[in-house]
Amino acid sequence: RPPHNCVLLEQLQQKHTLYRRGDVERGPTVSSKRVAMNMSWSTFVRLVAVIVPVSLGCTEAPATSQAARHRAFVARVDTLRESDSLFVARISRALVTPDGHLIVTDQVQRRVMEFDATGRPVRSFGRQGDGPGEFQGPTALTLWGRDSLVVTDISNRQISVFRRSDGSFLWRTSGLGSVSSAAPIGERLIVASLSPDPFMAAIVIDRNTRAGRRVLAVADSLTRDQLSVAAFPRSVVAARDGRVVSAFLWSDVASVYDSTLALQFTFAVPRRARRSIPPNLADTLLRVLNGSGRMTLIPALMTMEWLGDGRLAFVYKDWIAPPEGIADPARIVMDATLRVYATVVELDRLQACADVELPADWAENPHFLSDGRTLAGLGHVVGDSSRPTLELRRLDLRLEQCDWQPLAAMRPTHD
């Protein structure tokens, strides 16, 4: 019997869904307790990207007590009016447009859904496949210019560009690796991905040539001191006002670049309540995947979202193991509590409000995004009807009550 806060890989897979290219499994999966070490790179990527961000295990307690946490609360709830043909099966990512529309990528139906400002479904586009305008694993999406919508596809290893006004397909760029997010800066698109290259934070695509021109390099100090804990880094990017911010799934350090993509500085994202990242993360992951180690609870950076007044929110997901005394260890996975924290950073003032706890118990694994002013949660709420209700819950982060901490900016050194 494993310790109360440790579960085996097989038990975790029985709770959470694994996605395979061309075949979606919805429900319990059957797998071995051990994973062969001679697995392919693509298999390892899928296991790490899906299992570990929601893994449970043995780690230290949160940094602060329950009473000391700074919590956000729901200020407004909007209900999306799904129909029998226009509905979201499983949320991947979402964004709110300047005109108040909500656009959502659907992992299961492999399509994009759009709702207007009143919550009415407007259109859907895309379908499962490998061709133009088709998806295997739609993930992030972002607006690019006045009338372009970019959708990243982690399985097809590409970005697809659609006309925002009607959802028609425009063009795509493939061969980008397991793309996880994208952010525009003028005529360039910064595309983040999961890559075996520890010196690459993102690929830069030019709108005119539709090809990757250069690589967004990782700071030397970050490579030495931070990426050593994640041998297979998955990056996350955000861009606004001629500035690009890059961070990694399992690293507390972010990098800031100017409009020429030259590195300006790096800084550590403050931690107050979320768990720390294990110092030997790469070794831990390999032991878990080959069956010689237990699952480890790891806080994961899921997204970076721009708020009003130029503030940037780093959204982390964390899992809290239940208390001791559970008779059935398999119930640990079912009873675990998801906690979500947002650390809000003011880059101009170099200060941060660390680990605002976001409400996450109202839906199963809700997704968090910016509505242009504050953070909002998007998720399905189970009620009396046969179909769960899709809700957008806008939050009040209570930033006026924050104990703002200074950021220690590390400038690059030049010979």
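**Reading strands, a sheet and a disulfide**

Modeller: In strand 29, Arg393 is the bridge partner of Val77. This is a predicted model, where local features need pLDDT of at least 70, side-chain atom pairs count only at pLDDT 80 or more, and totals for chains, interfaces and linings use all residues. Residues are numbered from 1 along each chain as its sequence is written, and side-chain values use heavy atoms, with hydrogens and water left out.

Biologist: What makes two strands a pair, and how many bridges join strand 4 to strand 29?

Modeller: Strands (E, at least two residues) are DSSP runs, numbered from the N terminus, and two of them pair if DSSP finds at least two bridges between them. Strand 4 and strand 29 (residues 389-396) run antiparallel and are joined by 7 bridges.

Biologist: In what order do the strands of that open sheet lie?

Modeller: The order is 4-29-28-27, with antiparallel pairing among the 4 strands. Strand 4 (73-80) and strand 27 (367-370) are the edge strands, each pairing on one side only. From one strand to the next, the twist averages 30°; axes here are lines fitted to C-alpha atoms, and angles run from 0 to 180 degrees between N-to-C directions.

Biologist: Is strand 19 largely enclosed or open?

Modeller: Buried means under 20% relative accessible area, exposed over 50%, and partly exposed in between (1.4 Å probe, protein chains only). In strand 19 (residues 235-240), 5 of the 6 residues are buried, so the rest of the structure largely encloses this strand.

Biologist: How does the hairpin of strand 7 and strand 8 read?

Modeller: It has 5 residues between the strands, and Gly119 takes a positive phi near 90°. Strand 7 (residues 111-115) runs antiparallel to strand 8 (residues 121-125), with 4 bridges joining them. Phe115 stands opposite Pro121 in strand 8.

Biologist: How many disulfides does a search of the whole structure find?

Modeller: A disulfide is a pair of cysteine sulfur atoms within 2.5 Å, and the search finds 1. Cys353 and Cys402 form a disulfide with their sulfur atoms 1.7 Å apart. The link is left-handed, with -55° about the S-S bond. Cys353 lies in strand 26 (residues 351-358) and Cys402 in the loop between strand 29 and strand 30 (405-406), so the pair ties together parts 49 residues apart in sequence.

Biologist: Are Cys353 and Cys402 buried or exposed?

Modeller: Cys353 counts as buried at 2% relative accessibility, and Cys402 is buried with a relative accessible area of 12%.
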